[in-house]
Amino acid sequence: MSTFVLFCVLGGALLHATWNIIVKGGSNKLYEIGMNALGGGLGAALLLPFLPLPEAGCLPLLALSCCCHLVYYLCMAAAYRIADLSLGYTIMRGSAPILTALALMLVGQPLGLNGWLGVLLLCAGVFCLAIQQKAKGSLKGILYSLRTSFAIMAYTLSDGFGARLSGDSLSYTCWIFFLNIFPVHIYIFLKEGAGYLPYLRKRAIPGLSGGVAGLASYGIAIWAMTVAPIALVAALRESSVIFGMILAVIFLGERLTLLRLVAILLVAAGAMLARLG
C-alpha cells in the first residue's frame with residue numbers, strides 16, 4: 001500500500017469518527033441522525049446520474065438494507081443518549097466486524113487464527129469497559145451499543161451480498177445512501193416531527209456535513225479497496241476507534257481513564273485482526 005493510499009484510508013477513518021462526534025454532540029440524537037442521513041443521501045444523489053442502475057436481482061437486498069439501516073440509526077440514537085462516545089463508538093465500531101465474521105462462519109466461512117485472536121481481544125476490551133461502567137452503576141450504555149453492533153452486522157451482510165448482485169458496487173452504495181433518507185425521515189415526522197425543521201435550520205451545516213463525511217468515508221474505502229489489499233484497507237479503517245477517542249476528549253470533554261484507554265486499544269486491535277483474519 002502506497003503512502004498516499006494509507007493517508008487516504010486513515011483520512012476516511014477520521015471522517016467516520018467525525019460524523020459520529022457530530023451526532024453525539026447534538027442535543028437531539030434522533031434529529032441528528034436524520035440530518036446525517038439527509039446529508040449523505042443528497043451527496044449520493046449528485047452522483048447517481050453518472051452511475052449505472054443496479055441489477056434487478058439486488059433490489060430485495062437493497063430494500064432489506066434500508067430496513068437494517070433504519071434500525072441502525074435508531075439504535076445509535078438511543079445509545080448516544082446514554083453512552084459516552086468513547087464507549088459507545090468503540091463498542092459499535094469494534095464489535096460489528098467480529099459479529100459479521102461470526103455470522104459468516106455459520107454459513108461456511110470459518111474464522112482464521114487472526115479472527116479468533118480478534119474475538120479474544122474484543123472480549124477483553126469490552127470486559128474492561130464493563131468493569132468501568134459497572135463501577136458507575138449502569139451497563140445500559142454497553143448493552144445499547146452492542147445492540148447497535150448487531151444492526152451494523154445486519155446491513156453489512158445485506159450490503160455485501162447486494163453489492164455483488166448489483167453489477168456496480170459504487171452505484172449500489174449511492175442508492176443505499178439516497179434511499180436511507182426516506183425511512184428515517186418518515187419515522188422522525190411520525191414520531192416527533194414538529195421540532196425537526198427548526199432544529200434542521202439551526203444545525204444544518206454540521207448535521208448535513210456529517211452525512212457528507214460519512215459518504216466520503218465510505219467512498220474512500222471503496223476506492224482504496226480497488227488499489228490496495230481489501231483486508232488491509234478494512235483493518236486500517238478500524239483506526240476510527242482511536243480517532244473517536246481523541247475527538248471525544250478534545251471536542252466533547254470526555255474523561256479518558258487508563259482503563260478506558262486500554263479497552264479502546266484492545267477493541268481496535270481486535271477489530272483490525274478480525275478484518276485481516
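## Helices and ground rules

Helices here are DSSP runs of H or I with at least four residues, numbered from the N terminus. This is a predicted model, where local features need pLDDT of at least 70, side-chain atom pairs count only at pLDDT 80 or more, and totals for chains, interfaces and linings use all residues. Residues are numbered from 1 along each chain as its sequence is written, and side-chain values use heavy atoms, with hydrogens and water left out.

Helix H11 covers residues 240–251, and Ile250 sits in it. Is Ile250 buried or exposed? Its relative accessible area is 57%, so Ile250 is exposed; the cut-offs are under 20% for buried, over 50% for exposed and partly exposed in between, with a 1.4 Å probe and protein chains only.

Now take Gly43, which belongs to helix H2. With a relative accessible area of 18%, Gly43 counts as buried.

## The cores

A nonpolar core is a set of buried Ala, Val, Leu, Ile, Met, Phe, Trp, Tyr and Cys residues joined through side-chain atoms within 4.5 Å. The largest one has 33 residues, and Ile33, Tyr72, Met76, Tyr80 and Tyr196 have the most contacts inside it. H3 supplies the largest share of this core, seven residues.

What does Tyr72 touch, leaving aside neighbours within four places in sequence? Its contacts (heavy atoms within 4.5 Å) are Trp19, Thr148, Ala151, Ile152 and Tyr155. There's also a second, separate core of 13 residues, with Ala83, Ile98, Val119 and Leu129 among them.

Notes
Helices (H or I, at least four residues) and strands (E, at least two) are DSSP runs, numbered from the N terminus.
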